2 protein chains.
Amino acid sequence: MLPVSLQKLIDELAKLPGIGPKTAQRLAMHLLKSPHSRIRPLGEALLSLQDGLSFCEKCWNVTDSDICKICDDPSRDETQICVVEDVLDVLAIEKTGKYKGLYHVLHGVLSPIDGISADQLKIQELFDRVKKNPEIQELVVATNPSLEGDATALYISKYLNGGDVKVTRIARGLPIGADLEYTDLATLGKALLNRTGY
Amino acid sequence: MLPVSLQKLIDELAKLPGIGPKTAQRLAMHLLKSPHSRIRPLGEALLSLQDGLSFCEKCWNVTDSDICKICDDPSRDETQICVVEDVLDVLAIEKTGKYKGLYHVLHGVLSPIDGISADQLKIQELFDRVKKNPEIQELVVATNPSLEGDATALYISKYLNGGDVKVTRIARGLPIGADLEYTDLATLGKALLNRTGY
């Protein structure tokens, strides 16, 4: 019923994660009514997205050169490596301004149920990096506080156990603004166990 | 912190309605990891979206020729015109399969609070169409059952009052699967007033 070009756009939009057929229709109608000067940048950004983008040889963050901006920054603390699941996690941690070390992006977590094992992640690359760079003193494992994230953190800490590198895990506890009464037992338990002094 | 091309895509995606900065990030990362063969169709669909698309000269539905497919279909009942707010409403009504007449897309509703008056809609075009086409016997006003939709329907019916064209309004009542107990009073009142016989 709709013109071919409009239907094609709706179909393509509906393939994106979290965008169902109704949202795709609404987005397409919005774009149809937008001036061409507002649609073109989006189309061009899509077409040129992967041109020249690759993953950093050192930390597997996304980059437009061989080495990403963080690894290339001489002011960063080379003794700390923050291990994260995803590129967006690097962004989130950078925004806090509380971390000045380097990163290592795993590109996923161990998840036997989804068939994801260590060789599909950048875990071996992490171990090689630790071996080759004796200046590394601490791995801050910042995978998500989920079953898979915890298992991945445990895997890394077991592997490096006995070596010179200290493996730490980001703190679990109550998020700022949380309500004790409505916090789940596992989080509340962790918050009690990991209480800090003044 | 992110490469320019990736940041540009995130910025462009975040301009879409209902897509915030976090969703834009997630979509961009998804696209970055997708094979180029899956991104290209979306980019191309965007760039070519408005090429050759226009609004039907008769009903203002979106079309890739002068007259849309519905107006061009000789099997449609030319005596009925369904008046809708938006192109997507045409699609929704078509999917029901319960309507065989033609359409008229207003491209909005009267809304003094948003500064939208009759001359910004295709209302005059509707009146001209009714005047020029004496075969039209009924206008089924299917604007949304909102304050603005109702006001627009009332405006149309007042204007055509006394003419040969019957103006009807789609039924208000309980949606299928609704629960009487949780239905708002206005809807329940309408459902009682507009009860139908067997």
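This is a predicted model: local features need pLDDT of at least 70, side-chain atom pairs count only at pLDDT 80 or more; totals for chains, interfaces and linings use all residues.
View 1. The contact draws 52 residues from chain B and 52 residues from chain A. Put together, the two chains bury about 5,100 Å² between them, and 73% of this area lies on carbon and sulfur atoms. On the side of chain B, the residues that lose the most area to chain A are Met1(B), Leu46(B) and Gln50(B), which together account for 13% of what that side buries. The size of an interface is often expressed in this way, as the accessible area lost when the parts come together.

**View 2. Polar contacts and a salt bridge across the interface of chain B and chain A.** Nine residue pairs are found in polar contact across this interface, with both residues of each pair at pLDDT 80 or more. The rule also finds two salt bridges between the chains.

**View 3. The elements of chain B that touch chain A.** At least two residues of this side are supplied by each of α1 (4-14), α2 (21-33), α3 (36-47), β2 (62-63) and α4 (87-96) of chain B. The element that gives the most is α3(B), with 11 residues. Sorted by class, the side of chain B that touches chain A comprises 29 nonpolar, 10 polar and 13 charged residues.

**View 4. The largest pocket and its lining.** About 370 Å³ of space lies in this pocket, which is lined by 14 residues. Those that lie nearest its centre are Ile93(A), Thr96(A), Ala142(A), Ile170(A) and Ala171(A). Helix α4 (residues 87-96) of chain A contributes four residues, the largest share of the lining. By class, the lining of the largest pocket consists of nine nonpolar, three polar and two charged residues.

**View 5. The salt bridge between Arg76(A) and Glu94(A).** Over all chains, the structure holds 12 salt bridges. In the one shown here, the side chains of Arg76(A) and Glu94(A) meet at 2.8 Å, N to O. Because Arg76(A) lies in the loop between β2 (62-63) and β3 (77-84) of chain A, whereas Glu94(A) lies in helix α4 of chain A, the pair ties together parts that are 18 residues apart in sequence.

Notes: Residues are numbered from 1 along each chain as its sequence is written. Chains are lettered from A and ligands numbered from 1 in the order in which they are written. Side-chain values use heavy atoms; hydrogens and water are left out. Contact means heavy atoms within 4.5 Å. Buried area is the accessible area (1.4 Å probe) that two parts lose on being put together, summed over both. A salt bridge is a side-chain nitrogen of Lys or Arg within 4 Å of a carboxyl oxygen of Asp or Glu. A polar contact is a pair of N or O atoms within 3.5 Å; within protein, one must be able to donate a hydrogen and the other to accept it, and residues adjacent in sequence count only if both atoms are side-chain atoms. Ala, Val, Leu, Ile, Met, Phe, Trp, Tyr, Cys and Pro count as nonpolar, Asp, Glu, Lys and Arg as charged, and the others, Gly among them, as polar. On a 1 Å grid over the protein atoms alone, a cavity is a set of points where a 1.4 Å probe fits but cannot get out, and a pocket is an open set with protein on both sides within 12 Å along at least five of seven lines; lining residues have an atom within 4 Å of a point. Grid points are joined across faces, edges and corners, and a volume is the space filled by probe spheres set on the points.
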